[in-house]
Amino acid sequence: GIIKGSKLDIPYLYTNPLTVSDNKTKNWYRIWSGSGSNTGHSYCVFTISRSYNSPQNESYTFSVNIGYNGDISVTQLSGAKGSPLITKIRVVYKNSNSVYIDFYANANSTYSNTYYVNGFGYGNFQTPSVAPSVASDYTTYEFATTAGMKTNGNLTVGGSISATGAVSSSN
């Protein structure tokens, strides 16, 4: 949908939840796709959460911005985890083509768990589904989830709090 305002229109989405019954399988799940063109219009803010079943619930909020020539910024704005199953997100990118966001479910539970995604931004959110293999001409940027906040760059708030994280890149 679109939130209409007097000066801007904001695309938003609340997806249908994904219930994973086979929690012994570790998979990447695709949640968003956008343009990898050089226009700079690919960005989103989203929350991935997992309901409490077993193990304990978790929730993470991210901001992802994609700029010219693979300039990608990932910031985890907040995170709360009891027992983490959502252990990473990744950005899959090909310059002047497409960009995708996936999360990794490091499933180790004997119970089914339900995952939720909601957010806003330019691009296309989707109900989480198993991500296809990454083509050899795409680059991936992986980002580990954490309790609290972190970024792949330098984040400073009021000059007194800073958090940094690492992003790995591979072809």
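Which side chain meets K88 in a salt bridge? The close-ups below take up this pair and others in a predicted model.

**Figure 1. E142 and K88 pair through their side chains.** The partner of K88 is E142, in a salt bridge with an N to O distance of 3.5 Å. E142 lies in strand β12 (residues 139-144), and K88 lies in strand β8 (residues 86-93). The pair therefore ties together parts that are 54 residues apart in sequence. E142 is partly exposed, at 25% relative accessibility. K88 is partly exposed at 26%.

**Figure 2. D102 forms a salt bridge with R90.** Their closest N and O atoms are 2.7 Å apart. D102 sits in strand β9 (residues 98-105) and R90 in strand β8, so the contact links parts 12 residues apart in sequence. D102 is buried, with 0% relative accessibility. R90 also counts as buried, at 7%. Salt bridges with shared partners join R30, R90 and D102 into one network.

**Figure 3. E58 and R50 meet in a salt bridge.** The N to O distance between these side chains is 2.9 Å. Are the two residues buried or exposed? E58 is buried, because its relative accessibility of 2% falls under the 20% cut-off. R50 is buried as well, with a relative accessible area of 2%.

**Figure 4. The whole structure holds 5 salt bridges.** Among them are E142 with K88, D102 with R90 and E58 with R50. Why can such pairs form? Side chains of opposite charge can pair when their charged atoms come close.

Note on methods
Residues numbered from 1 in each chain as written. Predicted model: local features only at pLDDT ≥ 70, side-chain atom pairs only at ≥ 80, totals over all residues. Heavy atoms only, no water. Salt bridge = Lys/Arg side-chain N within 4 Å of Asp/Glu carboxyl O. Buried < 20%, exposed > 50% of the residue type's maximum accessible area, 1.4 Å probe, protein only. Helix = DSSP H or I, 4+ residues; strand = E, 2+ residues; numbered from the N terminus.
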